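Me: I'm new to this one. Could you show me how to read a few of its features?

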Amino acid sequence: MSGLQCLGEDNIWFEKPRYDEAERRFYEGANGPSTHSHHQVKSALQGRGRSRPQKRQHRNSSSASGDQELVSRMKSLELENQGLHKVVEDLRAALFKLENRVRVLERSPAIPCAKAVTVQSVKVEEDDDDEMDLFGSDEEDEEAERLKEERIAAYAAKKSKKPALIAKSSILLDVKPWDDETDMSKLEECVRSVVADGLLWGQSKLVPVGYGIKKLQIGCVVEDDKVGTDLLEEEITKFEDYVQSVDVAAFNKI
């Protein structure tokens with residue numbers, strides 16, 4: 001706090017002697033000239049004069065304590081600022097190191113060297129293979145051809161030993177008589193008398209048709225290459241005395 005501010009805030013009694021004289025005269029005029037009253041006024045004035053320096057000293061002490069607190073705070077802030085500066089500098093140094101490391105790794109020629117080594121090794125191996133082929137290509141071709149022929153012959157022999165698959169079919173025939181007086185047992189005997197290579201007769205039964213007439217339903221297994229339905233119908237219809245017609249009820253491949 002400057003001296004002008006102190007003077008502006010402090011109440012200074014510039015005309016104190018005049019007021020002291022007026023006060024002394026007032027008391028003398030009221031009580032007469034008395035040394036006792038004069039001493040009282042003087043002591044009162046002296047007491048007032050002493051109290052003012054005490055007030056001024058108290059104000060000076062309070063301002064000094066405030067200044068000390070402000071100074072301590074300033075020092076603490078300066079210390080914190082120095083610590084923050086140090087942390088920032090450490091971070092900048094670490095970042096700089098990382099950037100340098102990344103640049104070194106990007107410029108590293110280790111991978112191209114490895115690729116070049118692999119390419120050179122492959123080329124050397126190809127050259128070696130070419131040199132070997134120059135001296136032994138004819139012998140290897142003859143050996144491969146011989147092995148191929150042996151394998152083909154072995155496969156053909158193995159295939160010839162296997163039994164050939166025979167295509168067969170299951171046929172169900174409906175054989176109809178002329179009327180209800182036809183001997184159905186004699187009709188079945190005539191049908192089963194048909195014999196051919198690749199023909200095997202199976203079970204049979206009589207199925208009612210109507211008006212007391214029954215038809216013969218008989219099954220057989222045939223080899224497709226040797227026996228067909230046309231042959232069976234032709235041979236069975238030759239028994240004209242018993243057979244009116246032959247129909248294929250079912251035909252299934254086996």
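Me: Which residue in β3 is the bridge partner of W201?

Reply: This is a predicted model, so take what follows as a reading of a prediction. The partner of W201 is C220 in β3.

Me: How many residues sit between β2 and β3?

Reply: Two, and the pair of strands makes a hairpin. Look at Y211 in the turn, where phi is positive, about 60°.

Me: What about the nonpolar core? Which residues have the most contacts inside it?

Reply: The general idea is that nonpolar side chains tend to be buried together in soluble globular proteins. Here the largest nonpolar core has 18 residues, and those with the most contacts inside it are L173, V175, V191, L199, W201, L232 and I236. Two or more residues each come from β1 (168-176), α5 (184-192), β2, β3 and α6 (229-236). β3 gives the largest share, four residues.

Me: And what does W201 touch, beyond residues up to four places away in sequence?

Reply: W201 touches L173, V191, R192, V194, I218, G219, C220, L232 and I236.

Me: Is L172 buried or partly exposed?

Reply: Buried would need under 20% relative accessible area. L172 has 27%, so it counts as partly exposed. L172 lies in β1, and beyond its neighbours within four places it contacts Q217, I218, G219, D247, V248, A249 and A250.

Me: How far apart are the C-alpha atoms of L172 and N252?

Reply: They are separated by 8.9 Å, with the two residues 80 apart along the chain.

Terms used. Residues numbered from 1 in each chain as written. Predicted model: local features only at pLDDT ≥ 70, side-chain atom pairs only at ≥ 80, totals over all residues. Heavy atoms only, no water. Pairing = 2+ DSSP bridges. Core = buried A, V, L, I, M, F, W, Y, C linked by side-chain atoms within 4.5 Å. Buried < 20%, exposed > 50% of the residue type's maximum accessible area, 1.4 Å probe, protein only. Contact = heavy atoms within 4.5 Å.
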